[in-house]
Amino acid sequence: MFDKGREFYIPHKAVIRGNAETTKMRIAYDASARANDTAPSLNECLDAGPLLQNQLWKVLVRGRFYAVAIAGDIPKAFLQVRIREEDRDALRFHWISTEHPEQVRTLRFTRALFGLGSSPFLLGGVIQHHLSICRPDYPETVQEIERGLYVDDLLSGGQRVEKAREIKDTAREIFGKASFQLHKWNSNAREVEVTGAVYDESGVTCAREQLGVKPGECGLLGLRWNKDADTIAVTFPQDVVAPTKRGVLGQVAKVYDPLGLAAPLTLIRKLIYRDACQQKKAWDAELSKELVKRWEKLEMSLPKEVEVPRALVLVR
């Protein structure tokens with residue numbers, strides 16, 4: 001039996017991606033939805049717990065000190081975390097039966113749900129506990145995983161191919177003991193990657209979703225990674241927007257640069273937005289002639305991307 005008032009029905013909808021090669025439709029569950037303006041959402045009722053994940057920029061910086069980088073991720077990681085029986089009534093949802101469309105069934109999630117506020121903490125706690133169990137047998141690799149893991153993405157490597165391959169194989173063995181599968185390996189050394197691997201778009205990880213990595217792209221925690229040239233890049237949006245405060249802020253927000261690689265260029269955009277705020281313009285009002293001139297000059301001079309070598313070392 002469950003305590004009255006602890007049940008919650010999570011709304012969901014289909015997300016269609018016509019350009020996807022395999023998974024053209026996925027289901028999105030909204031734990032932040034409210035029944036009405038005064039009712040709290042499920043996420044507002046949950047304790048999200050402390051942040052257990054590493055800082056993104058630290059993981060990226062560490063990854064640049066490896067001549068041979070390896071990156072893998074855990075598909076469907078949340079689905080490996082079981083929810084206690086007494087808490088599952090808070091994860092109810094309605095489902096239309098395929099055999100009998102006139103019937104609406106009530107189901108419950110038994111595993112951690114993507115989009116649930118507490119799911120990252122639950123996953124992080126499970127992984128930390130599992131690594132503590134494996135530490136006596138794999139002390140060096142466990143320490144490397146703890147430093148190179150961001151949610152469900154792992155960034156590691158070595159100064160030589162042999163070391164990178166050793167870390168990869170041992171990390172797969174460690175996670176395999178908890179039924180976590182590390183896959184979709186990428187590396188600037190082709191011999192470290194698994195040849196003939198098929199990309200499964202249905203296995204987009206939490207980290208890739210958070211960082212906006214599109215299905216099929218090769219990225220290094222959100223940064224575009226050219227594995228052949230071993231470079232990482234910060235890309236700039238090429239669309240033209242109206243010279244308004246809303247347009248400027250939108251372009252500023254579209255640039256993903258956690259390491260500040262393109263800071264001299266992004267700073268100019270931010271300064272223009274600051275000056276627009278000081279003029280107290282409305283969101284959709286055109287900026288002053290002086291700001292419009294500065295903005296248009298900057299947009300014409302911006303490159304498509306800023307590309308730099310990934311590795312800060314030369315040994316391989």
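**Close-up 1. Asp 275, a buried residue in a predicted model.** Let's start with a single side chain. Asp 275 has 14% relative accessibility, so it counts as buried, the cut-off being under 20%. You'll find Asp 275 in helix α8, which covers residues 263-278. Which residues does Asp 275 touch, once its neighbours within four places in sequence are set aside? They are Leu 291 and Arg 294.

**Close-up 2. Helix α9, residues 289-301.** Leu 291 turns up again here, as one of the buried residues of α9, along with Val 292, Trp 295 and Leu 298. Looking down the axis of α9, these buried residues fall within an arc of 135°, so they line one face of the helix. An α-helix has 3.6 residues a turn, so residues three or four places apart point the same way. The cover over the buried residues of α9 includes α7 (245-253) and α8.

**Close-up 3. Helix α3, residues 119-134.** With 16 residues at 1.5 Å a residue, α3 should span 22 Å; its end C-alpha atoms sit 23 Å apart, which agrees. Buried in α3 are Ser 119, Leu 123, Gly 124, Ile 127, His 130, Leu 131 and Cys 134. Down the axis of α3 they fall within an arc of 130°, so they line one face. What covers them includes α4 (139-148), β6 (149-150) and α5 (161-176). The face of α3 turned away from its buried side carries exposed His 129 and Ile 133.

How values were computed: Residues numbered from 1 in each chain as written. Predicted model: local features only at pLDDT ≥ 70, side-chain atom pairs only at ≥ 80, totals over all residues. Heavy atoms only, no water. Helix = DSSP H or I, 4+ residues; strand = E, 2+ residues; numbered from the N terminus. Expected span 1.5 Å × (residues − 1). Buried < 20%, exposed > 50% of the residue type's maximum accessible area, 1.4 Å probe, protein only. Arc of directions from axis to C-beta. Contact = heavy atoms within 4.5 Å.
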